[in-house]
Amino acid sequence: MRPAIFLHFFFGTLACLSLLCVIAEDPSRYYTWTVTYGTISPLGSPQQGILINGQFPGPTIDCVTNDNIIVTVINKLDKPFLITWNGIKQRKTPWQDGTLGTNCPIPPNSNWTYKFQTKDQIGTYSYFPSTLMHRAAGGFGGFNIASRSVIPIPYPIPVEEFTLLVGDWYNSSHKALQAKLDSGIPLPPPNALLINGRPSGSTFTGEKGKTYKFRVSNVGISTSINFRIQGHTMTLVEVEGAHTVQDVYDSLDVHVGQSVAVLVTLHATVKDYFIVASTRFTKPVLTATSFLKYAGSSTPASEPLPIGPTYQIHWSMMQARTIRRNLTANAARPNPQGSFHYGTIPIQRTLILANSATKINGTLRSAVNGISYVNPATPLKLADYYNISVSSIFGTSVIGTTLHDFIEIVFQNNETTLQSWHLDGYTFWTVGFGSGQWTPDMRRRYNLADANSRHTVQVYPNSWSAVLASLDNKGMWNLRSAIWSRQYLGQQLYIRVWSNETSLFTEYDVPDNALYCGKAKRP
């Protein structure tokens with residue numbers, strides 16, 4: 001028995017050391033971000049914004065698959081603060097997810113260092129504050145992951161990439177918006193739409209005949225947008241880490257929390273052209289513009305602006321169904337994206353989640369299946385790790401699952417406004433969209449062959465959306481409304497993906513620099 005035990009220990013130790021060596025061999029990128037309040041004037045009048053190293057929006061992270069990302073965040077605000085990495089899966093590192101269910105917030109005048117790997121990911125993402133209503137004041141930025149040089153991409157390499165952060169904006173401060181919600185008043189429509197922090201004026205320059213990649217993320221807090229470029233078509237090539245069938249579009253809907261990447265070839269007359277983003281499903285329609293400038297152009301862009309859809313829900317749903325996964329392309333790994341036949345895997349569990357807006361004890365709240373989530377004083381991940389019981393006034397919803405479960409989630413929206421749902425730690429296959437009430441018969445309409453995978457899915461008014469997810473990432477993962485007032489008021493929960501095995505192959509231990517709060521005390 002002793003030789004067998006020794007060999008088991010030896011090879012187990014060797015495997016762990018090999019794992020650490022692999023991580024050590026991947027490049028590391030270091031960032032130090034100081035988060036402060038600052039005066040910004042995106043709409044012409046001074047207002048308080050949240051800056052990162054003095055920038056609004058914050059700096060873009062450009063990295064490569066498997067890079068190690070080390071970000072030291074120095075909080076100079078007057079409230080605790082966290083950043084979450086929207087769409088970064090945090091494989092084995094749920095402790096770095098940056099939500100109040102996984103992390104204690106960074107206290108004012110202190111700092112904390114995130115350490116995670118862009119493990120097996122490519123694509124277009126973003127980051128933003130996850131605490132309070134900070135997201136409405138800034139602190140957001142782009143997060144782009146390029147493929148490794150040894151992995152081919154399914155299109156010619158573009159000459160240059162441009163990152164566009166599009167989002168709605170309020171004249172009111174984030175504190176005023178939060179006070180409004182706390183007093184039981186829903187947020188009004190936004191005052192404007194911004195592209196890279198400006199309602200107009202940003203310029204992107206390219207040469208005639210060349211092809212450029214535009215990475216577009218909706219970093220707003222409440223409003224879907226439509227994106228288009230005057231006189232040009234766009235070839236969709238990637239959605240939130242998955243290469244897509246390369247269909248050509250005149251315009252694209254991008255809902256709150258979502259990201260896309262498109263190729264644009266400059267084939268038109270040498271001049272300037274409008275880049276346009278406009279709000280969807282709103283009255284009035286808000287518009288932001290930037291410029292696509294051909295090198296050598298002396299002719300300014302001229303109106304009219306290209307027309308986009310306004311309230312056509314069916315149009316948007318039909319477009320969503322056209323976005324499909326490229327089955328023959330590689331993503332972050334050399335195996336084709338279509339090699340995982342998700343449509344043949346038996347569903348082990350179905351979750352039907354219905355959102356609602358309601359009042360509980362006279363207080364305005366949002367809920368999932370009638371339960372309005374409240375963040376406990378002790379983050380759920382720490383509580384789970386140290387076997388600490390948590391409770392709250394309204395509810396702390398945790399759905400227990402087992403590592404490697406294959407689940408179906410049906411998002412049922414019985415309200416008259418569009419919803420947007422995000423799952424941390426994962427992407428899921430968006431297999432179905434439909435109007436009315438979901439029933440099991442709707443499964444016959446699912447796309448079980450080439451549905452796109454993404455981390456955020458829209459749910460149209462009085463409609464449903466269905467997704468499939470393979471739970472291969474152990475941890476405590478936030479499933480939330482990407483519409484931030486709804487999230488703030490309780491439209492969220494956590495999915496606990498668990499196994500009894502304790503192994504560095506599935507999840508790393510709590511980091512040495514972890515912050516402790518609530519009932520969790522440093523050992």
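A disulfide is here a pair of cysteine sulfur atoms within 2.5 Å. All views show a predicted model.

**View 1. The disulfide between Cys 104 and Cys 517.** The structure contains one disulfide. Its sulfur atoms, from Cys 104 and Cys 517, lie 2.1 Å apart. Because the torsion about the S-S bond of Cys 104 and Cys 517 is about -90°, the disulfide is left-handed. Cys 104 belongs to the loop between β5 (83-86) and β6 (110-117), and Cys 517 to the segment after β31 (492-498), so the bond ties together parts that are 413 residues apart in sequence.

**View 2. Burial of cysteine residues, including Cys 63.** Cys 104 and Cys 517 are both buried. For Cys 63, the relative accessible area is 4%; this residue is therefore buried, the cut-off being under 20%.

**View 3. The open sheet of six strands.** The strand order is β22-β21-β24-β29-β26-β27, and the pairing is mixed. The edges are formed by β22 (363-368) and β27 (453-454); each has a single partner strand, so one side of each is left without a neighbour in the sheet.

**View 4. Pairing of β24 with β29, and the helix packed on the sheet.** Strands β24 (residues 406-413) and β29 (residues 463-470) pair in the antiparallel sense over eight bridges. Gln 412 has Trp 464 in β29 as its bridge partner. Helix α3 (residues 313-322) packs on this sheet, where it touches β26 (428-435) and β29. The direction of helix α3 makes about 150° with that of β26.

Key
Residues are numbered from 1 along each chain as its sequence is written. This is a predicted model: local features need pLDDT of at least 70, side-chain atom pairs count only at pLDDT 80 or more; totals for chains, interfaces and linings use all residues. Side-chain values use heavy atoms; hydrogens and water are left out. Helices (H or I, at least four residues) and strands (E, at least two) are DSSP runs, numbered from the N terminus. Buried means under 20% relative accessible area, exposed over 50%, partly exposed in between (1.4 Å probe, protein chains only). Two strands pair if DSSP finds at least two bridges between them. Contact means heavy atoms within 4.5 Å. Axes are lines fitted to C-alpha atoms, for helices over the stretch in contact, and angles run from 0 to 180 degrees between N-to-C directions.
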